[in-house]
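The stops below follow one another, each with something to select.

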Amino acid sequence: MSTTILLLDEEQKMFKAINRLVRPLDAVLLATGSIERALQFCKDQEVQVVIADLNREDADVNQFLIAAADINPKMRKIVLTSYADLEPTIAAINDGKINRYFTKPWDVDELREAIVEELDTYHAQVQDAQEKRVLGRLNEKMGEKVDFTSKLLDGTTELLSASRFRTSINIHAALLEQRLPGSSQFAKQTAKTAGRIATYLGLSLKEREQIMLAAELHQIGLLGLSDKVLHGDPDTWTDADEAAFTAYPAVGADALMEDGEENAVSLMVRHHREDNDGGGFPLQLVAQYIPIGARIIRVAADFESGASEMGASVAMLEMLKDNGELYDPEVLAALTETKLNPGAVASPDNANEVTQWQS
C-alpha cells in the first residue's frame, strides 16, 4: 500500500516544512489550500493521514474534516492550531474526530513522530479489516458454529480422488522445473515432511492427503514471476517486483479453485506464506486463523529449504529462533519430533500411507 498524506494549508512555507518531515517515509504529499480540491483528493486516492490548519477565516476546516471522514472513515487527522482557537479546536475534536492536534509553533520531532504513529495506526486498521472480511466470508460459507479447520478439510474426497490435482502437479512441476531447477524434488520432499508432521499431529488420512497435495502444489504461483524476481537478489527488487512476489500464493491458489470456489487444497496454497504472528502474506492471518495445512506446509517448506542450504540440524536451530513468530509452535514441535525421533510418527501403516503419495 502506497503512503499518501494530504496537507490542507495555503502557505508555501508550510508545504516545504511538511515535505521535509515526510520525505524519509517515501510518501506522496498532496498539498492544497482549497477545501474542494482537498475533498477531491480524498475521493480520488486513498489518503491515510490529513494535516490541516484550523486558522482559516475563509473556510470551515471542521466541515472538511467531517466530509473527509465520510469518504474514508479510517483516515487519520492531525490539525495545527493556536491557543487562541480553543472553540474551533474543541469542535474539531468532537465533530471532526481528529486524532492529534498541535499548537503553533509545533515541535518538528513531535510532529514527525505523530505522523509515523498515525500511519501505523491506519495500516493496522486496514489489516484488521482485511482479516475480518476474510474470516467473515469463510464463516458465511462454513457456518459460524462449525470448527474452522475441520470444515476446510471436509467434503472434498471426491474432488481429490479425481485426477485433476495430480495432473496439475505433473504439468506445473515440469514447467517450474525448467525455470527453477530442483523445484520438483523440493516439492516432493516438502510433501513428505508435511505428511509426517500431519501424521504425528493425528490428522486423518483424508486430511493428510489434502495437505500433501497442497504441499506439492504450493509453488505453482511462482510460474507467473519474472526471471528477475525468480532468480534475482531481493535487494534489487522494485515495489512492483515485491508486490508480484507477495501475490504468488494467491495466484497459485486461484489456479486451483474449482468453478471459482475455494477448496481445501487451494486455501492451503493461498495461505502457506502467512506468519504465525500475522506478518506474512497475502492476508496477514494470525495463528489459528491460518488453516492447519498451511501452517504445516510453511514449516515443512522452510525446513526443506534450509536443510538443503545449511544442513538439517542448523536449519532446525534457525527455525526454533522464530518459534511463535513465523511458525506455529505445535507444528514446529511436531517437526522436531519427527526429525529427531522418526519412530514417533504413529505406526508403520501410517508411514506406508505417506510413502504411497510419493510413488
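Begin by selecting Q284, which sits in the loop between α13 and α14. Helices here are DSSP runs of H or I with at least four residues, strands are runs of E with at least two, and both are numbered from the N terminus. This is a predicted model, in which local features need pLDDT of at least 70 and side-chain atom pairs count only at pLDDT 80 or more, while totals for chains, interfaces and linings use all residues. Residues are numbered from 1 along each chain as its sequence is written, and side-chain values use heavy atoms, with hydrogens and water left out.

Most residues other than glycine have a negative phi, and most peptide bonds are trans. Q284 has a relative accessible area of 18% and is therefore buried (buried means under 20% relative accessible area, exposed over 50%, partly exposed in between, with a 1.4 Å probe and protein chains only).

Next, select A287, also placed in the loop between α13 and α14. A287 is not a glycine either, and its phi is positive at about 45 degrees. With 18% relative accessibility, A287 counts as buried.

Now go back along the loop to P282, which lies between α13 and α14. The peptide bond joining F281 and P282 is cis, with omega about 15 degrees.

**The aromatic rings**

Which residues do ring pairs link into a cluster? Select W237, F245, Y248 and F281 to show them. Rings of Phe, Tyr and Trp (its six-membered ring) pair if their centres lie within 6.5 Å; planes under 30 degrees apart count as stacked, over 60 as edge-to-face and the rest as tilted. A search of the whole structure finds three aromatic pairs.

Zoom in on F245 and Y248: the ring centres are 5.3 Å apart and the planes stand at 50 degrees, so this pair is tilted. F245 and Y248 both belong to helix α12 (residues 239-256), three residues apart, which is about one turn of the helix. F245 is buried at 18% relative accessibility, and Y248 is buried at 5%.

Then turn to F245 and F281, an edge-to-face pair with 5.8 Å centre to centre and 65 degrees between the planes. This pair links distant parts of the chain, 36 residues apart, with F245 in helix α12 and F281 in the loop between α13 (264-270) and α14 (292-310). F281 counts as buried at 14% relative accessibility.

**Two helices side by side**

Select helix α9 (residues 183-200) and helix α10 (residues 205-217): their axes come within 8 Å and cross at roughly 155 degrees. Axes are lines fitted to C-alpha atoms, for helices over the stretch in contact, and angles run from 0 to 180 degrees between N-to-C directions. α9 and α10 are therefore roughly antiparallel to each other (angles under 35 degrees count as roughly parallel, over 145 as roughly antiparallel, 65 to 115 as roughly perpendicular and the rest as oblique).

**Last stop: A315**

Finish at A315 in helix α15 (residues 312-321). A315 is buried, with a relative accessible area of 2%. Leaving out residues up to four places away in sequence, A315 touches F303, G306, A307 and M310 (contact means heavy atoms within 4.5 Å).
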